Amino acid sequence: MSNKRQISKSVECMLWGQAAGRCEVCGRELYKDSAYGLSGNYAEKAHIIAVSDNGPRRLADLRDEEINDANNLMLLCAEHHKMIDDKEDHYLVDHLLGVKADHEERVRYLMSIPRENETQMVTYFSNIDMEISHHDANLYKQAVVNDSKLPKFNEPISLGATGPQQNMDAAYINQQVVSLELAFKQKAQPVLERGVGVSLFALAPQPLLIKLGTLLSDQYDSHPYQCHRTGEKWAWKRTSREVDYRINRPHQPNTTSKNIALILSLSASISHERVTAILPKTETPIYEISIAEPNFDFVESEAIADAFIKTTRSIMDEIRNMFPLCEAILLFPAMPNSLAVRFGMNYMFTSDLPVVIFNEHNGVFEETISIGENNGE
């Protein structure tokens with residue numbers, strides 16, 4: 001007498017392969033236990049159309065070989081096997097076939113991403129923003145897969161800020177720079193030097209993000225992601241929208257000036273009065289890059305970040321050529337996180353003027369760190 005529940009080894013292997021060893025409802029790994037990570041077979045092979053005459057979703061005219069075919073089976077954890085059978089009126093055949101197809105299509109898509117698109121996820125968060133929803137490895141994975149990249153490892157490398165939470169004044173930022181340089185050298189640089197691309201998720205005061213950008217530089221395959229306040233937290237949006245970056249130049253500037261101020265009014269407006277209040281008494285020419293309505297959410301795509309870099313590059317070059325005696329650019333930044341990193345990545349140590357970065361602390365701009373201060377030595 002034949003066993004109607006008998007599933008052949010070949011079908012079982014096919015099912016494991018199609019599901020990549022994960023529950024086709026919740027995605028849980030079924031080759032290790034969820035509490036201790038012990039290896040084992042924790043999968044259950046669930047029939048979409050039941051074997052027994054009184055089973056869930058039973059169709060009388062289905063032959064035995066069709067019942068035990070991979071097309072009628074789902075690889076599930078025990079919890080979801082019980083759920084779909086106990087609530088058969090809710091989990092109908094068409095619904096389950098759709099769930100199965102979606103899961104197996106995800107597996108096929110991920111496996112179709114070529115190895116050269118593997119990326120190392122890297123995070124850097126200071127205490128500027130401890131909102132837990134930003135710190136989720138699954139959100140990072142969604143962002144990189146959305147870009148047709150494949151995370152090289154399940155968990156990201158963290159370059160996280162150290163020390164207790166405190167005021168983010170100049171002393172704090174300078175202390176964090178030391179920690180950041182050490183963490184980058186020990187954790188990220190070896191990965192980059194192996195030729196692996198990096199996907200960066202970072203939130204920190206502007207000087208630290210710019211500093212991190214200089215460490216990544218443009219010689220490595222690095223992609224900083226923007227933290228969005230709405231929709232998918234880190235994934236780039238599918239949009240062709242462009243942003244008009246506006247440049248305000250100084251009127252009749254003194255071309256012998258030794259310092260030039262550069263204001264980046266992008267995530268918020270920075271009034272010139274706040275800047276001139278702390279500039280040297282000699283008149284300092286002021287450049288400003290802004291958008292029509294500064295906000296945190298306008299960087300929706302990498303193309304918008306690319307356009308920002310093109311604009312800032314033209315201004316950095318213009319300042320260097322127009323002010324031959326200039327010794328430093330005084331930078332007053334208010335920009336989304338990804339642009340701050342890109343600004344640092346685009347900095348050219350061999351030709352750009354040194355940049356002194358000011359940071360807003362308790363409503364006042366104060367000088368923090370410099371980049372390129374040893375240029376030309």
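Helices (H or I, at least four residues) and strands (E, at least two) are taken as DSSP runs and numbered from the N terminus. The structure described here is a predicted model, in which local features need pLDDT of at least 70 and side-chain atom pairs count only at pLDDT 80 or more, whereas totals for chains, interfaces and linings use all residues. Residues are numbered from 1 along each chain as its sequence is written, and side-chain values use heavy atoms, with hydrogens and water left out.

An open sheet is formed by six strands in the order 8-10-9-11-12-13, with mixed pairing; two strands are said to pair if DSSP finds at least two bridges between them. Axes are lines fitted to C-alpha atoms, for helices over the stretch in contact, and angles run from 0 to 180 degrees between N-to-C directions.

Strand 8 and strand 10 (residues 286-290) run antiparallel and are joined by three bridges. Within this pairing, I247 has I289 of strand 10 as its bridge partner. Strand 9 (259-265) runs parallel to strand 11, to which seven bridges join it, and N259 has A328 in strand 11 as its bridge partner. Strand 9 also runs parallel to strand 10, through five bridges, with A261 standing opposite I286 in strand 10. Six of the seven residues of strand 9 are buried, so this strand is largely enclosed by the rest of the structure. Buried here means under 20% relative accessible area, exposed means over 50%, and partly exposed lies in between (1.4 Å probe, protein chains only).

Helix 9 (residues 302-322) lies across strand 8, strand 9, strand 10, strand 11 (328-334) and strand 12 (355-361). The helix runs at about 170 degrees to strand 10. Contact is defined as heavy atoms within 4.5 Å.

In soluble globular proteins, nonpolar side chains tend to be buried together. A nonpolar core is defined as a set of buried Ala, Val, Leu, Ile, Met, Phe, Trp, Tyr and Cys residues joined through side-chain atoms within 4.5 Å. The largest such core has 72 residues, of which L159, W234, Y245 and L266 touch the most other members. Helix 6 (residues 170-193) supplies the largest share of this core, nine residues. A second, separate core of 22 residues includes A46, L62, L75 and L96. Leaving aside neighbours within four places in sequence, L266 is in contact with residues including Y245, I289, F298, F308 and L339.

The structure holds 22 salt bridges, a salt bridge being a side-chain nitrogen of Lys or Arg within 4 Å of a carboxyl oxygen of Asp or Glu. One of these is formed by the side chains of K45 and E12 (3.7 Å, N to O). Since K45 lies in strand 1 and E12 in helix 1, the pair ties together parts that are 33 residues apart in sequence. K45 counts as partly exposed at 29% relative accessibility, whereas E12 is buried, with a relative accessible area of 15%. Residues up to four places away in sequence not being counted, E12 touches I7, N41 and K45.

R22 forms a salt bridge with E29, and the closest N and O atoms are 3.2 Å apart. R22 is partly exposed at 30% relative accessibility, and E29 is partly exposed with a relative accessible area of 22%. A further salt bridge is made by the side chains of E105 and R108 (3.1 Å, N to O). Both residues lie in helix 4 (residues 93-112), three residues apart, about one turn of the helix. The relative accessible area is 43% for E105, which is partly exposed, and 48% for R108, which is also partly exposed.

E24 is found in the loop between helix 1 (9-19) and strand 1 (44-47). E24 is buried yet has no salt bridge, and the nearest side chain of opposite charge, K100, is 4.3 Å away. For charge, Lys and Arg count as positive and Asp and Glu as negative, while His and the chain ends are not counted. Apart from neighbours within four places in sequence, the contacts of E24 include L15, L75, V99, K100 and H103.
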